[in-house]
Amino acid sequence: MFAGYRRLAVAVVLILSAAAAQAAPASPPKLVVVLVVDQMRADYISRYSHQWTGGLRRLVDGGAWFSRAAYPYLATVTCVGHATISTGAFPRTHGIVGNSWFDRDLGRSIGCTADPAATTVSYAAPVSGGHGPSRIAAATLADELRSQLPVPARVVTMSIKERTAITLAGRRADAVTWFSSSAGGFVTSSAYTATPVPFVGAFTKANPVTADVGKVWTRTLPAGRYLFADAGQGEKPAAIWTAEFPHALNGKGGVPDVQYFEAWEGSPYSDDYLGRLAIASVDAMKLGQDNGTDFLGVSFSALDYVGHDFGPTSHEAQDTLVRLDRTVGALLDHLDRTVGAGHYVVALTGDHGAAPIPEQAAALGIDAGRVDVALVRQAAQRALEAALGPGLHTVRIQGSDLILEPQAVERLRRDPQALDGVLRALRAVPGVAAAFFAEQLDSHAAAGDGDARAALLSYYPGRSGDVVVLPKPYWFFVTADGSPQPGSATTHGTMYGYDQRVPIVFYGRGIKPGEFTRAVTPADIAPTLAHLCGVTLADADGDVLTEALAPAAPAARRGR
């Protein structure tokens, strides 16, 4: 009898051991590379990849492509997306609820990486103010690679935007770099270093951004290769450009100034610069070339600037991706030569998508438009005055968050009828779909309201608003600027598919190629990479995407 149990136990152990061998990762990659393309919609792969022949093409064809990935929350904006990618957590956990939010104690809006304790360390002209990672409430993958591995990872991140370079890195890093138009060059933060990092200083000195003054951005491919029309309806480019190619990179009087630097940021030339800086960092820091696992994070910002101005169907957006395809290809080729093909792993994704330009959507018969946030606040103020009496009861609306005076919130808690009146008034504003009292989001989500659930995943106490106001599909909030069509040509920041859906592609060490159609989220990226590296994320909401993992080679049997 006992012999039978023993045989059964041995069989179970063998089965579990075999399963563990299949699930266990191969030896860790020598380098983890996270590439984020700001404002990259999921459908850009299916729509535009026929125009690609380089790095983006290589990643999609040779990697594990999750074609149904989407952020499940409301706050689909840059800082939030990058924090989700780097931590494997949602805003309710990592605490980044927007690119900025209203600080009730300070009585003003603060940036997601603004840090009064930090100062800017510049590679160019001096810049006041400071940024750092202090507002991120969860550890990043890079943080865990530094703290858990026997040989602490070397961590390098870079972007055009400070909030993307910082949130990819986390609290500790060897080099965190971003561009400052005020400085006319790249900068970093005293949160990471007291002095300029030598290799960054050497590269930026040898490759000044001003070298691109006078260059002209033209289509890379023949015009017939691009889908849709150039100069589409509703495009709103920067003042120095028209809606049609070509676009010259010039300042006023032909000299580099803020106008030039902003044009450079919003062109593929900035992506190309980051790609070359990334290659330089691999060489200077010997990333992936010693014992242990290192981390390189690059966030390419140009597509976001281009998308806001020209929209997702523009020739400019398509050409930005064509050029990025070549930039990523050059980086991968360099990693093959230095780290070694098959010794590094890459994760490619977007931080959010973008809505169609409302005028273009309306021309197709879709109900679309822009909601002036002043009208939303006025509707709330009138309803509050009717219920609570005279007084300024609203503070501001920021994103989808309406912030109220504390006494107004307290009275609404005690007066359901007054609260209902305020919510009804908000829903009556043209272009508004729904409004929720933030303290009731959990009950609405529990009752099956998908919009409330998306808002709840974006809610962080003390930083989020008191009332959440959601636009209708193909509508978005804008701040009035006195023009007939205020705001950018288009934007993002809603719970609709065009904002939530982004690509996820893994490539390289430990990855099994293929297209996978299971619904996943970018919060799954960091746990999957952590699994490959043998580290644990303490605060992750995401899961390991096991279908993308290549089976480990069977371990050699030990002799008896």
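Let's start with the overall make-up: the protein has 20 helices and 20 strands. Helices (H or I, at least four residues) and strands (E, at least two) are DSSP runs, numbered from the N terminus. What you are looking at is a predicted model, in which local features need pLDDT of at least 70, side-chain atom pairs count only at pLDDT 80 or more, and totals for chains, interfaces and linings use all residues. Residues are numbered from 1 along each chain as its sequence is written, and side-chain values use heavy atoms, with hydrogens and water left out.

Now step back and take in the whole. The C-alpha trace spans about 85 × 75 × 50 Å along its principal axes. For 560 residues, a compact globule would have a radius of gyration near 24 Å, and the protein's 25 Å agrees with that. This radius is taken over C-alpha atoms, and the globule rule is 2.2 Å times the number of residues to the power 0.38. Of the 560 residues, 57% are buried; buried means under 20% relative accessible area, exposed over 50%, and partly exposed in between (1.4 Å probe, protein chains only). Among contacts (heavy atoms within 4.5 Å) with a separation of 6 or more, 74% involve residues 24 or more positions apart.

Next, the interior. A nonpolar core is a set of buried Ala, Val, Leu, Ile, Met, Phe, Trp, Tyr and Cys residues joined through side-chain atoms within 4.5 Å. The largest one has 64 residues, and L35, L59, F186, W264, L296 and L335 have the most contacts inside it. Helix α12 (residues 315-340) gives the most to this core, with nine residues. Apart from it lies another core, of 59 residues, including F66, A69, I85 and I525.

Rolling a probe the size of a water molecule over the atoms shows where empty space is left. The search uses a 1 Å grid over the protein atoms alone: a cavity is a set of points where a 1.4 Å probe fits but cannot get out, while a pocket is an open set with protein on both sides within 12 Å along at least five of seven lines; lining residues have an atom within 4 Å of a point. Grid points are joined across faces, edges and corners, and a volume is the space filled by probe spheres set on the points.

How many cavities of 30 Å³ or more does the structure hold? There is one, and the largest cavity has a volume of about 50 Å³. Its lining consists of V34, I85, S86, L141, L168, F295, I525 and L529, with α4 (78-87) and α20 (525-533) each supplying at least two residues. By class, seven of the lining residues are nonpolar, one is polar and none is charged. Here Ala, Val, Leu, Ile, Met, Phe, Trp, Tyr, Cys and Pro count as nonpolar, Asp, Glu, Lys and Arg as charged, and the others, Gly among them, as polar.

L141 leads us on to helix α6 (residues 141-148), where six of the eight residues are buried: L141, A142, D143, E144, L145 and R146. Their cover includes β1 (31-37), α4, β6 (155-159), α7 (162-169), β11 (294-300) and α20.

Leaving aside residues up to four places away in sequence, F310 touches E235, P237, W241, T242, A243, H247, E316 and I357. F310 and K236 are 74 residues apart in sequence, but their C-alpha atoms are 6.2 Å apart in space.

Finally, a few backbone details. F245 and P246 are joined by a cis peptide bond, with omega about 0°; P246 lies in the loop between β9 (216-217) and β10 (247-248). A231 is found in the loop between β9 and β10 and has a positive phi, near 55°, though it is a residue other than glycine. K286, in the loop between α10 (268-284) and β11, is not a glycine either and has a positive phi of about 55°. A231 is partly exposed, at 30% relative accessible area, and K286 is partly exposed at 43%.
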